[in-house]
Amino acid sequence: MPYVSIYLENSNTGTTTNEQGVFELPISKNGNNTVVFQYLGYQTLKKIIDIETFPYELNVSLQEENIELREVIISSKENPANRIIKNTIDNRKRYLNKITSYTCDFYSKGIFRIKNAPEKIFGQKIGDLGGGLDSTRSGVIYLSETVSKISFKQPNLFKEQILASKVSGNNSGFSFNQASEVDFNFYKNTVDIESKVISPISSYAFNYYNYKLIGTFYEGEHLINKIEVSPKRKTDNVFTGIIYIVEDDWALYGLNLSLNGAQMGNPVLDKLTLKHSYTYSEKEKYWPIISQLISFKFGMLGINVDGQFTTAYSNYNFNPSFKEKEFNNEILSFTENSNKKDSAFWNATRPVILTAEEINDYKIKDSIQILKKSEKYLDSIDRKNNKFKIGDVLFGYSYRNSHKNSNLNFSSILTGINFNTVQGWNSAMKVSYNKSDKEAGSSFSASTNFNYGLSDEKLRIDGSVSYLFNSISKPYLQISGGEKISQFNGNEPITPIINSISTLYFESNYAKFYDKSFAKVLLSDEFSNGIRIQSSFGYEKRSPLVNTTNYVTINDKQKVYTSNDPLNENNHGIPSFEEHTVYTFQTSASIRFGQKYISLPNRKINVYDSDYPTINLSYNQNFASSEDNYNFGEISAQVLQHFDIDNKGTFSYNVKAGTFFEADDIAFIDYKHFNGNQTHVNISSNYTDAFNLMPYYSFSTNNSYAEFHAEHNFKGYLLNKIPLINKLGFELVIGGHALLTKDKKPYSEYSFGLNNIGVGKIRFLRLDYVISNYNGVSQNGLVFGLTF
């Protein structure tokens with residue numbers, strides 16, 4: 001039997017059987033011991049053994065529970081299971097807050113298997129996936145283990161130190177089977193599994209679940225209730241399965257619950273199952289979790305994957321003595337050489353013994369790894385992959401030196417083809433070189449961009465070199481320069497592909513360009529955890545551009561191209577500003593309050609914390625311009641955040657404000673331009689950084705301004721309750737946007753949209769109905785979006 005919890009009675013020593021029912025219990029003392037075997041749905045077995053010599057072999061069989069349905073008076077007013085659930089809900093917060101602090105040992109093993117993997121996806125070979133595939137292209141593609149120490153203190157202080165980490169086929173890799181990622185606490189109202197899934201014992205569980213008492217059985221002196229839970233609506237984000245509740249204690253004894261991807265808002269997922277086992281602590285009068293099994297199946301594009309994460313919690317200490325500064329923003333760290341432990345360590349430490357499949361995977365991949373890391377092998381693979389083919393001229397080419405961690409890339413000429421009215425048909429190609437030092441966490445990169453326009457017959461070249469000094473505070477130096485075509489709005493709200501389609505097929509050439517010759521030096525560093533400072537100094541020569549072509553694919557006789565002047569669409573053939581030069585200085589600070597992070601030996605990974613907003617502050621200064629009026633200063637601030645509101649969806653907001661100094665007659669390029677949208681298409685995943693119907697340059701300002709964006713995605717909270725509509729899997733999204741400037745009346749928008757539109761597992765469409773208001777005039781329109 002797999003995943004049976006096994007522990008010594010009245011101790012913190014325990015383990016779990018593997019998938020073949022094999023276990024190993026770390027006992028070092030001879031004499032009498034009572035070994036407890038616990039598995040949901042089966043009678044708990046206590047086996048008294050007398051150990052004289054080691055190793056000691058013990059084989060046992062478990063019997064199914066004798067589930068009895070006690071004689072109860074079932075009235076039309078109350079289901080007997082409801083009484084049990086109500087009492088458990090009443091005690092939910094007590095158990096959630098009962099343990100003020102603890103430490104424990106944590107073990108996790110994760111395995112992913114693939115079945116009948118395709119050889120290609122979209123024409124690209126996917127290889128042997130690390131050497132784990134057999135002749136049917138099936139096998140283990142990921143196997144890892146983690147041993148760590150967990151520390152916790154109320155209300156939410158958490159720290160994990162990984163003592164040992166092992167990844168099959170990578171003797172220097174780090175496993176991220178961290179405890180915080182599998183901390184699925186059912187005493188909370190919602191269980192955070194990518195989305196907020198409602199617990200069967202949440203304070204509002206009766207709005208979502210039906211309950212049925214299957215029967216009862218005794219665990220020692222404790223009466224255990226076996227209750228079946230099922231959703232009132234199959235499309236809600238809820239579980240289906242069995243929960244076990246201790247009578248009178250009203251605590252969880254175990255659970256076996258499942259849900260599908262549609263219920264989580266993740267159509268790629270087929271099924272996810274959670275199985276928990278708890279044990280009783282006589283001293284604490286508490287039922288802590290001792291094991292957890294997370295099994296899953298997902299698939300798409302011919303790839304079908306299944307697997308599980310097996311976790312074990314042991315050696316609980318519910319009265320630890322923490323140092324004064326035990327907890328900080330570091331939530332996960334790795335001890336020195338934690339990824340270098342040998343097989344002897346793992347054989348003595350892992351609480352869950354390996355299966356034959358896992359032993360074989362480690363053996364094969366570890367031997368392959370030696371070969372694959374050799375310089376001779378890497379060179380042979382590079383020679384094969386670096387062979388130049390005729391098609392590479394059009395589709396791009398890469399040259400790699402795996403041994404030195406460097407690569408040279410030439411981008412595709414075809415994908416770089418676009419159209420605008422200034423250059424006509426134009427093609428861009430990027431040549432880049434990258435080299436990294438994994439041990440030092442540093443990297444060097446250099447790139448050159450070539451852009452040629454057929455209509456204006458001009459080649460523009462720009463490039464940059466950059467160096468990342470380390471991967472902890474990530475100090476970053478970049479030097480860039482050259483000549484390129486730029487939109488007046490430096491955020492470039494109109495992508496080249498959208499502008500090309502809008503121009504060629506609808507004669508709407510919304511993007512407006514100027515020519516920029518520049519040189520720039522940029523330096524960025526994390527001054528302190530959560531505070532990043534970035535500064536740059538640059539020189540720019542700005543030259544006006546005019547339309548050079550009137551070519552269209554579909555000609556609408558009622559329309560003509562507008563000029564390249566963002567302020568006067570009829571200013572054809574006339575430069576929109578005078579050529580000028582200017583020096584620029586910019587400095588900014590990004591502040592993330594309460595930023596959590598993960599520490600690796602040579603790398604720091606910042607973790608977003610939705611409890612606090614991010615604040616961005618910036619100061620821009622133009623000086624020594626060839627036109628004195630073009631010198632000015634600007635300060636700005638931004639506050640943004642997104643967070644879940646229990647099971648009611650995700651709320652996001654983005655507030656920006658700023659003001660100019662001595663900017664009465666500055667160049668229009670330097671105005672504050674707002675991210676508008678006149679194409680009715682949005683391919684950005686961030687809907688709180690732009691307006692939906694605002695003209696691109698009608699509200700640009702050189703004065704004080706403030707803009708507000710907010711959006712709430714209900715994640716099925718409302719639509720899942722409507723019959724028939726709940727079968728579509730759509731998500732209702734509402735949004736609001738507003739702009740205040742000193743020289744114009746307020747502009748506002750509000751929208752109603754549907755997200756997660758699609759068929760089956762392919763769901764990346766979004767549709768919004770938007771209403772805008774300005775100066776008493778209301779307009780409306782549909783905006784089509786792609787949300788990958």
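Student: In this predicted model, is Lys474 buried, partly exposed or exposed?
Tutor: The relative accessibility of Lys474 is 28%. Buried means under 20% and exposed means over 50%, with partly exposed in between. Because 28% falls in that middle range, Lys474 counts as partly exposed.

Student: Where does Lys474 sit, and how far is its C-alpha from that of Arg603 in space?
Tutor: Lys474 belongs to the loop between strand 25 (458-468) and strand 26 (476-487). In sequence, Lys474 and Arg603 are 129 residues apart. In space, their C-alpha atoms are separated by 8.8 Å.

Student: Which loop holds Glu492, and what is its phi?
Tutor: Glu492 is in the loop between strand 26 and helix 8 (496-506). With 39% relative accessibility, Glu492 counts as partly exposed. Its phi is positive although the residue is not glycine, and the value is near 45 degrees.

Student: What is the phi of His680?
Tutor: His680 lies in the loop between strand 34 (650-661) and strand 35 (681-682). It is partly exposed, at 31% relative accessible area. This residue is also other than glycine and has a positive phi, near 65 degrees.

Student: Which residue in the turn between strand 12 and strand 13 has a positive phi?
Tutor: Strand 12 (residues 209-219) and strand 13 (residues 222-231) run antiparallel and are joined by ten bridges. In one of the pairings, Leu213 has Ile227 as its bridge partner. The two strands form a hairpin with two residues between them, and the turn residue with a phi of about 65 degrees is Gly220.

Student: How far apart are the closest N and O atoms of Asp105 and Lys149?
Tutor: Side chains of opposite charge can pair when their charged atoms come close. Asp105 is in strand 5 (residues 101-115) and Lys149 in strand 8 (residues 139-153), 44 residues apart. Asp105 is partly exposed at 23%, and Lys149 is partly exposed at 31%. They form a salt bridge, with the closest N and O atoms at 3.1 Å.

Student: Which residue meets Lys109 in a salt bridge, and is that residue buried or exposed?
Tutor: The partner of Lys109 is Glu358, at 2.9 Å from N to O. Glu358 lies in helix 5 (residues 356-372) and Lys109 in strand 5, so the pair ties together parts 249 residues apart in sequence. Lys109 is buried, and Glu358 is also buried.

Student: How many salt bridges does the structure hold?
Tutor: One of them pairs Glu282 with Lys285 at 2.6 Å, N to O; Lys285 is partly exposed, with a relative accessible area of 44%. Others share partners and join Asp456, Lys458, Arg460, Glu483 and Asp515 into one network. The number of salt bridges in the structure is 24.

Student: Which lysines gather in the patch of positive charge on the surface?
Tutor: Lys125 belongs to the patch and is found in strand 7 (residues 124-125). At 69% relative accessibility, above the 50% cut-off, Lys125 counts as exposed. The lysines gathered there are Lys120, Lys125, Lys384 and Lys387.

Student: What is omega for the cis peptide bond from Gln154 to Pro155?
Tutor: Another cis peptide bond joins Phe54 and Pro55, with omega about -5 degrees. Pro55 is in the loop between strand 4 (45-51) and helix 1 (80-90), whereas Pro155 is in the loop between strand 8 and strand 9 (157-167). For the bond from Gln154 to Pro155, omega is near 5 degrees.

Key:
Residues are numbered from 1 along each chain as its sequence is written. This is a predicted model: local features need pLDDT of at least 70, side-chain atom pairs count only at pLDDT 80 or more; totals for chains, interfaces and linings use all residues. Side-chain values use heavy atoms; hydrogens and water are left out. Patches are made of residues with over 30% relative accessible area and no salt bridge: like charges are joined within 9 Å, nonpolar side chains (Val, Leu, Ile, Met, Phe, Trp, Tyr) within 5 Å. Accessible areas come from the Shrake-Rupley method with a 1.4 Å probe; for residues, only the protein chains shown count as cover. A salt bridge is a side-chain nitrogen of Lys or Arg within 4 Å of a carboxyl oxygen of Asp or Glu. Lys and Arg count as positive and Asp and Glu as negative; His and the chain ends are not counted. The place of a charge is taken as NZ of Lys, CZ of Arg, CG of Asp or CD of Glu. Helices (H or I, at least four residues) and strands (E, at least two) are DSSP runs, numbered from the N terminus. Buried means under 20% relative accessible area, exposed over 50%, partly exposed in between (1.4 Å probe, protein chains only). Two strands pair if DSSP finds at least two bridges between them.
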